[in-house]
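My notebook is open and I want to get to know this structure.

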Amino acid sequence: TSWQRVGEFPGWSLHSDEPRGVDVASFQRAYDPAFEAVESVFGPFRSAVRVHAFEDDRSASGVGAVQEVPGIGRARVRAYHTRGAGPFGPAAGIYASSADPGTAVHELVHARLAELDPHLPLWFEEGLACVLGDGFLDGGRWVVDGFACWPLRELRQRAPDEREVARLLAVREEDGT
């Protein structure tokens, strides 16, 4: 796929394989507040993030298509983040089938955590991404409400101490616990 830059914004750029079919303004309305939300929690991004936009299900990667996801079942994959570590895989960045702010926050959490610590367990990344990506735009600002996963207020009241966080971070899938 030949990606062309269709937009340049503070901290990120928008790319498309079919530049005329992308609603650049919609992606900007979704990703600008998403960047602000993620950076307010994790600090500024070190590198600009490339967002690769698809307007439909044409992607060979399956973005936007209903597919079988291991451990989940059939699901529509709206977007994903890739670190792009090898020469033969997709370029690093976010691949998105739509300009959804919650999905943008979710994927940007993955992008920022990859910069902070590339060895965090995926289950931990997904948990943070799900919580922060669960909210709504209010006057152009992303507000996390936590209603889709669990009440955020309850989580704040049950904050784990340092020992519990260390124990959770040490858990690996192969441990079977």
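Predicted model: local features only at pLDDT ≥ 70, side-chain atom pairs only at ≥ 80, totals over all residues.

**Entry 1: one tryptophan and its surroundings**

I looked up the contacts of tryptophan 142, leaving aside its neighbours within four places in sequence, and found Pro33, Ala37, Pro101, Gly102, Val105, Leu132, Gly133, Asp134, Gly135, Phe136 and Leu137. Contact here means heavy atoms within 4.5 Å.

Residues are numbered from 1 along each chain as its sequence is written, and side-chain values use heavy atoms, with hydrogens and water left out.

Where does tryptophan 142 sit? I found it in strand S9, residues 141-144. (Strands are DSSP runs of E, at least two residues; helices are runs of H or I, at least four; both are numbered from the N terminus.) Tryptophan 142 has 8% relative accessibility, so I put it down as buried. My scale: buried is under 20% relative accessible area, exposed is over 50%, and partly exposed is in between, with a 1.4 Å probe and protein chains only.

Leucine 132 got a second look. The side chain of tryptophan 142 reaches the backbone oxygen of leucine 132 at 2.8 Å.

**Entry 2: rings**

I looked up aromatic pairs next and got 8. Rings of Phe, Tyr and Trp (its six-membered ring) pair if their centres lie within 6.5 Å; planes under 30 degrees apart are stacked, over 60 edge-to-face, and the rest tilted.

Why is the pair of tryptophan 12 and phenylalanine 35 called stacked? The ring planes are at 15 degrees, with the centres 6.1 Å apart, so the pair is stacked. Tryptophan 12 is in strand S2 (12-16) and phenylalanine 35 in helix H1 (24-42), so the pair ties together parts 23 residues apart in sequence. Both residues are buried.

Phenylalanine 35 also pairs with phenylalanine 45, this time tilted, at 5.0 Å centre to centre and 55 degrees between the planes. Phenylalanine 45 is in the loop between H1 and strand S3 (49-53), 10 residues from its partner. Its relative accessibility is 12%, so phenylalanine 45 is buried.

Stepping back, I see ring pairs linking Phe9, Trp12, Phe27, Tyr31, Phe35 and Phe45 into a cluster.

**Entry 3: the core**

The largest nonpolar core has 29 residues, and Trp12, Phe27, Tyr31, Val49 and Leu108 have the most contacts inside it. (A nonpolar core is a set of buried Ala, Val, Leu, Ile, Met, Phe, Trp, Tyr and Cys residues joined through side-chain atoms within 4.5 Å.) H1 gives the most to this core, with 8 residues.

**Entry 4: charges**

I found 4 salt bridges, each a side-chain nitrogen of Lys or Arg within 4 Å of a carboxyl oxygen of Asp or Glu.

One of them joins glutamate 125 and arginine 83, with the closest N and O atoms 2.8 Å apart. Glutamate 125 is in helix H3 and arginine 83 in the loop between S6 (79-82) and S7, so this pair ties together parts 42 residues apart in sequence. Buried or exposed? Glutamate 125 is buried at 4% relative accessible area, whereas arginine 83 is partly exposed at 36%.

Another salt bridge joins glutamate 115 and arginine 112 at 2.9 Å, N to O. Both lie in helix H2, 3 residues apart, about one turn of the helix.

Note on methods. Polar contact = N/O pair within 3.5 Å; in protein donor to acceptor, adjacent residues only side chain to side chain.
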